[in-house]
Amino acid sequence: MEKKWSEDQEAAKQKFIEARGAWKWSAMWDTILELDPGIVASYASYSSVPDKRNYLDIRMRKFICIAIDSVTGCLNANGLKNHMKHALQLGIDVKEILEVLEITCMVGATTHSMSVPILVDELQHRGISIAAEELDDRQTALKKEYLESHNGYWSDEKENILKLDPDYFETFTEFEAGPWNNGPLSPKEKELIYLAVHAAPVTLHPAEVRYHISRALDCGAEINEIVDVLHMVSTLGIHAVTMGVPILKEAMKEVEAEKNESNK
């Protein structure tokens, strides 16, 4: 039996469907609509801005949605499956979706990029200077190979990681090269996906955001494209509602059942 909505609820639902598409509506949104049609209507407007502006084409918007729903710290399986299914329906190739996932998993590198500078600083306070250490033959060869394959890019952070853990440096460099060497996405698309992953509220890596904004601009990204990536990523915050409200409904039912039981 189809649920009867109030006038406000029905208006909010229709606004959402018009803005986001019928494919986005689900029983989860019914649950949210029941409690607060206002958030449904306002989220429909807020989240659909990039769709209306179309600075990023639908293919790129799908890539961003898949990336931020699959990033470690979010892992929104239901949303991820929904976006993957929609991407396939739009004709996006499986290999392109796979490359988005491969790029997204590179976020693990920030464990080293954020933590090693802190380790180096703490060692410096204890009179141990990593900067004073010379590279051995293996490390020198790894640095030379990296410079050649990254157009001369290098940093103190890379230097310190190489000195502290050449095994990680060598194996991760090979690992992260996979999408660049074999994937079908363009350099600009890759950089916009990297930006989305590092700008997500569950990651928020300022140095990586700056780096990938710079790289995206170098690859020909327009300012409006970058701004819309950030707009899309910011909508990830809605998961507090989409994941929290169904749990709230369950809690309400349990409390009501307990109350009824105690009144018997």
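Which side chain does Glu189 meet in a salt bridge? Good morning, colleagues; I shall answer that directly. The partner is Arg59, at 2.2 Å from N to O, where a salt bridge is a side-chain nitrogen of Lys or Arg within 4 Å of a carboxyl oxygen of Asp or Glu.

Some remarks on the source. This is a predicted model, in which local features need pLDDT of at least 70 and side-chain atom pairs count only at pLDDT 80 or more, while totals for chains, interfaces and linings use all residues. Residues are numbered from 1 along each chain as its sequence is written, and side-chain values use heavy atoms, with hydrogens and water left out.

Let me return to the pair. Glu189 belongs to helix H12 and Arg59 to helix H5, 130 residues apart; helices are DSSP runs of H or I, at least four residues, numbered from the N terminus. Glu189 is buried at 11% relative accessibility, whereas Arg59 is partly exposed at 24%. Here buried means under 20% relative accessible area, exposed over 50%, and partly exposed in between, with a 1.4 Å probe and protein chains only.

In the whole structure, 14 salt bridges are found. Among them, Arg138 pairs with Asp167, with the closest N and O atoms 2.8 Å apart. Because Arg138 lies in helix H9 (residues 137-149) and Asp167 in helix H11, this pair ties together parts that are 29 residues apart in sequence. Arg138 also forms a salt bridge with Glu170, at 2.7 Å between the closest N and O atoms.

I turn now to helix H7, residues 94-104. Which of its residues are buried? They are Glu96, Ile97, Glu99, Val100, Ile103 and Thr104. The face turned away carries the exposed residues Val94 and Lys95. The cover over the buried residues of H7 includes helices H5, H6, H11 and H12, where contact means heavy atoms within 4.5 Å.

Technical notes:
Helices (H or I, at least four residues) and strands (E, at least two) are DSSP runs, numbered from the N terminus.
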